[in-house]
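Biologist: I am new to this structure and would like to go through it by question and answer. Please show it first.

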Amino acid sequence: MSLLPPDGGEPISTGPIATGPIAAAERPEPAEPTPLGDAWHMFRRNRAALAGLAVLLAIVLMTAAGPSLYPVDPFEIVSAPLLPPGSEGVPLGTDYLGRDILAGIINGARASLAVGASAAALTMAIGITIGALSGFYRGWVDQLLMRVTEFFHVLPPLLLAMALVTLFSPSLPTIAIAIGIVSWTAAARLTRAEFLRIGTLEYVLAARSIGARNRRLIWRVILPNALPPLIVSATLTVGVAILFESGLSFLGLGDPNVMSWGLMIGSNRTYMLDAWWAATIPGIAIFLTVLSISLIGDGLNEALNPRLRQR
Amino acid sequence: MSGPPLLAVSGLDMSLATRDGPVTVLRDVAFSLREGETLGLVGESGSGKTMTALAIIGLLPQPGGIVTRGSIRLRGEELVGAGPARWRRVRGGEIGMIFQEPMTALNPVFTVGEQIAETLRAHEGLGRRAALARAGEMLALVGVPGRAGDYPHQLSGGMRQRAMIAMALARHPKILIADEPTTALDVTVQAQILDLLRDIQERFGTAILLITHDMGVIAEMADRVAVMYAGRIVEDGSAAAVLSRPAHPYSRALIACIPRPRAEAGERHLLEEIPGLVPSLARLPPGCAFAPRCPAAFARCRGAPPSFATGPGHAAACWLVEATEVAT
């Protein structure tokens, strides 16, 4: 997976201020906020990213509060099948069995977000561990881990995930794990590249020179400096994982006991010509979620990328 | 000064792996450092000064950097071949090191206080609060009071180098290796940093191995000097002797390179330079490595010169020295 390029609208830093001021006694600038505060400042100026954040927060809010505000069982047949949106009692219409689509959207969000977030967490955990060890130790460790990474990289992800889900039970945890297993290679390569770059910097040597152990060098010295691109990558991975989960559900490999957007699209697709809304509304939900996450990732990229950051 | 040397390096050979096989980058390096003393290690880029320093704290570039011969003794204890746990105790605890680029030698994502505190927590078992307090004290000691909560980018170059010194000294090592500590700094800040190093040395009796290419810095700071060329020490002796009576043509040339402002107005003074470049270590000329650039080279320079004493505690590896010894 590649990082989205920044949209180029941000002014590039005009010149380095980093080279030596004149006297040690001088205070270069008043104490300013932490790097994180800096990043938030940059992020806030990106309207698209802010909009994405607002949409995602709305979706998260809906997932959390929706079921109690609109307590309709998404599996319960409430009305005649394929009623259009705006019908009596069913604001978004009903599906081919007469189930409430709004209830499906509200309850399906949980599966999408839960699988998206946990699959992304697993993807990053595997990828960062493999990439960090590879880029830190180099030599034969690197050779070995990179061959393993390449092996996973060339496997067709959807087929492998389908095989894994079929082998074990199709439950949400299984699906999240399957997505994690097929998609960590990009994170591993990104982490490795960052570790190779940062590992040669002087502050790593300086940390060694005061007796730092490898464990501390990896997790406390190099990783924090490698985080910006990894955070962006993690964000985008959430979007990819949501799409992946929808894909699996669409193919009937989702958890049959949990309502999900992919399942709704998959089961209603045959009625597309008679009742477009039944498959399209969950499609729009997926689209909005992934789009908002991508916009956030884009904004984070800009806010955290040192080449675009203004100092 | 008497007593056993704090640090004794002898017969040190070191090689680095390159695409064309191992290249010897240090040959027969030998020197000693006594308590409270400053030894200057001088030479051009690529002469092996930094590699010598890295060998002493066991941080040769990996993979490929190895000590192939010789010994490094810390208070008489052999460090060549020591295990990783022993080396970690050496680093920071017994030998501290500061680097040339204060801009890049501090971790940008942590405050300077946290960085100093981290080493205290890891090695001295201090709690978070106590370690941060000690870090603040160390920063105040090196002249950066009240800035422990600042990130490196909020400090000026001189302040960063001071913070670096505080970090290297946090666990009170007896030896401080300063690798071009002032090269990246403005002239006025340079003087302040050198003053700070002298001050620290007086207060704690820290021995300093000062690596520089600047004979001016040596004149100001060093008790003794070792001049390195192409991975070999070509001359060593007291700073006074080497600066006033350099025996090796290379030392003479380095001293001639110090810019001297002339008092008489209008008189232009051409800076001296040494013709030619430091030879590639993979293709060293046979005999004296400096011979191809040496104005005084003669037939004997095709054979490697041994070290000849030119005075008490002053020696140079040059056939000319032997010639004068014979002549007088």
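Biologist: How many bridges join β1(B) to strand β4 of chain B?

Modeller: Bear in mind that this is a predicted model. Strand β4 of chain B covers residues 66-74 and runs antiparallel to β1(B). One facing pair is B:V9 and B:I72, the latter in β4(B). The number of bridges joining β1(B) to β4 is seven.

Biologist: Which residue in β2(B) does B:A17 stand opposite?

Modeller: Strand β1 (residues 7-18) and strand β2 (residues 21-33) of chain B are antiparallel and joined by nine bridges. They form a hairpin, with two residues between the strands. In β2(B), the residue opposite B:A17 is B:P22.

Biologist: Is B:A207 buried or exposed?

Modeller: B:A207 belongs to strand β8 of chain B, residues 207-212. Its contacts, apart from neighbours within four places in sequence, include B:L6, B:L33, B:G36 and B:I175. A residue is buried if 20 or more other C-beta atoms lie within 10 Å of its own. Because B:A207 has 23 other C-beta atoms within 10 Å, it counts as buried.

Biologist: What distance separates the C-alpha atoms of B:A207 and B:I95?

Modeller: Along the chain, B:A207 and B:I95 are 112 residues apart. B:I95 is also one of the residues that B:I177 touches, as is B:L209. Between the C-alpha atoms of B:A207 and B:I95, the separation is 9.4 Å.

Biologist: Which element gives the most to the side of chain B that touches chain A?

Modeller: The contact takes 30 residues from chain A and 39 residues from chain B. On chain B, β6, α3, α5 and α6 each supply at least two residues of that side. The side divides into 18 nonpolar, 15 polar and six charged residues. The element giving the most, with six residues, is α5(B).

Biologist: How does A:L227 count, by its C-beta neighbours inside 10 Å?

Modeller: A:L227 lies in helix α9 of chain A, residues 214-250. A:E194 is 33 residues from A:L227 in sequence, and their C-alpha atoms are 9.0 Å apart. Since A:L227 has 17 C-beta neighbours inside 10 Å, it counts as partly exposed.

Note on methods: Residues are numbered from 1 along each chain as its sequence is written. Chains are lettered from A and ligands numbered from 1 in the order in which they are written. This is a predicted model: local features need pLDDT of at least 70, side-chain atom pairs count only at pLDDT 80 or more; totals for chains, interfaces and linings use all residues. Helices (H or I, at least four residues) and strands (E, at least two) are DSSP runs, numbered from the N terminus. A residue is buried if 20 or more other C-beta atoms lie within 10 Å of its own, exposed if 12 or fewer, and partly exposed in between; C-beta atoms are placed from the backbone. Two residues are in contact if their C-beta atoms, placed from the backbone, lie within 7 Å. Ala, Val, Leu, Ile, Met, Phe, Trp, Tyr, Cys and Pro count as nonpolar, Asp, Glu, Lys and Arg as charged, and the others, Gly among them, as polar. Two strands pair if DSSP finds at least two bridges between them.
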